[in-house]
Amino acid sequence: MSDRLDEVRYELALASRMLANEGVLDAFGHVSLRHPDDARKYLLSRSRSPQLVEPADILEFTLDSEPVAPPTVQLFAERVIHGCLFAARPDVTAVCHHHAPAVLPFAIAGVPIVPVFHLGAAVGETVPFWDQRDDFGDTNLLVVKPEEGRSLARALGSHVAVLMTHHGATVVGRDLRELVSRTIFMCRNAEFQLQAQMLGKVVPLSSGEARLAGSINAMPNVVGRTWEYWSMRLAEAGRLPPRGATSSKKSSSSSKTSGRASPKTSSITRKRVTRRTRS
C-alpha cells in the first residue's frame, strides 16, 4: 500500500505542475484527490505554488478538511472547497480550484461558458454560477468556512464545473486524468468562445452534440492521450516533480531546481505514460 500511495502522491504533484505549466494555475489554486484506500479522506498539498508541489508536500485530510496528522507546515485556507465537494459528491474523485485568466472574464461578467467545440464538451452542456454574496453578503471572496464550501457544493449540484463570481472556477472529475483534461479544455473552450464573440456570433454545440462529444472526451484512451501529451510538455520544460523522499521545507532556490528531472527520470516517465495510454 505504501508504494501505491507514493505513486498516487507523485501523480497528484504531476497534475498540479501540469495545470500550472498549461496556464490554468499560477501562484494560487490547488488540486486534490480522494484517498485511494479511504473515501472518507482526501489528499492535498501543503500551501505552495502549484508548479513547485512535490510528493512530499501531499498531506491527508478528513472530509471535514482537518489534517489527519498535526501539521508542521502552512495549509491551504480554501481546502474546505475540496472536503465539501467530496462529501457532497461520492462520484467525484478529483477536484481543481483555479483562477485561470481564460475563465475570469466570464466569472466577472456573469456570462455562461457554453461548449463551442468538441473537446469543450468536457464541461457539459451548462456551467452554473455561484455568487458568494447571495448567501454571505460581502466577504473577502475566499472560501474558508464549511458553510461556504457546502453552499458552493449545492451550486455545483450534479454538474462537472461551477463558475465563482469575481473569483474563478472549480472543476471535478471521476479520476485525476479526467479532471486535468476537463480543466484545461474548459479554459480552451472559454478562449474560443470569447474569440467567437469578438467575431460577432457564438454558436454552442447542441444538447446532443454536447452529450455525445462529452462521452468521447471522457474515454480512457482520450484522457490518457492528453495526460501523456501534457506530461511530455512538462518534461520538456524540465519541471517534472522529483521521485522519492524529499524535504517539503526546501528553500526557494532548491525548490526551483527540484522539479528538473534528470534524463533518466524523464525517460522512465515517458515510457510509463506511453505504455499506459497508447491506443
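Let us start with a pair of facing residues: V162 stands opposite T170 in strand β7. The model here is predicted, so local features need pLDDT of at least 70 and side-chain atom pairs count only at pLDDT 80 or more, while totals for chains, interfaces and linings use all residues. Residues are numbered from 1 along each chain as its sequence is written, and side-chain values use heavy atoms, with hydrogens and water left out.

Strand β7 covers residues 168-173 and runs antiparallel to β6, joined to β6 by four bridges. Strands here are DSSP runs of E with at least two residues, helices are runs of H or I with at least four, and both are numbered from the N terminus. Two strands count as paired if DSSP finds at least two bridges between them. Between β6 and β7 lie three residues, making a hairpin, and H166 in the turn has a positive phi of about 60 degrees. Strand β6 also has a parallel partner, β5 (residues 129-130), over two bridges, and there F129 stands opposite L163.

Which way do the residues of β6 point? A161 and L163 point one way, V162 and M164 the other, and all are buried. Buried means under 20% relative accessible area, exposed means over 50%, and partly exposed lies in between, using a 1.4 Å probe and protein chains only. In a regular strand the side chains alternate between the two faces of the sheet.

Now move to L44, a residue of strand β2 (residues 41-45). L44 is buried, with a relative accessible area of 1%. Leaving aside residues up to four places away in sequence, its contacts include L12, I58, F76 and H82, where contact means heavy atoms within 4.5 Å. H82 is 38 residues from L44 along the chain, yet their C-alpha atoms are separated by 8.7 Å.

On a 1 Å grid over the protein atoms alone, a cavity is a set of points where a 1.4 Å probe fits but cannot get out, and lining residues have an atom within 4 Å of a point. The structure holds three cavities of 30 Å³ or more. The largest has about 50 Å³ of space, and its lining includes L12, I58 and F76. Helix α1 (2-21) and strand β1 (30-34) are the elements that give two or more residues to that lining. The second largest cavity holds about 40 Å³, and helix α6 (residues 176-199) gives the most to its lining, with four residues.

Methods
On a 1 Å grid over the protein atoms alone, a cavity is a set of points where a 1.4 Å probe fits but cannot get out, and a pocket is an open set with protein on both sides within 12 Å along at least five of seven lines; lining residues have an atom within 4 Å of a point. Grid points are joined across faces, edges and corners, and a volume is the space filled by probe spheres set on the points.
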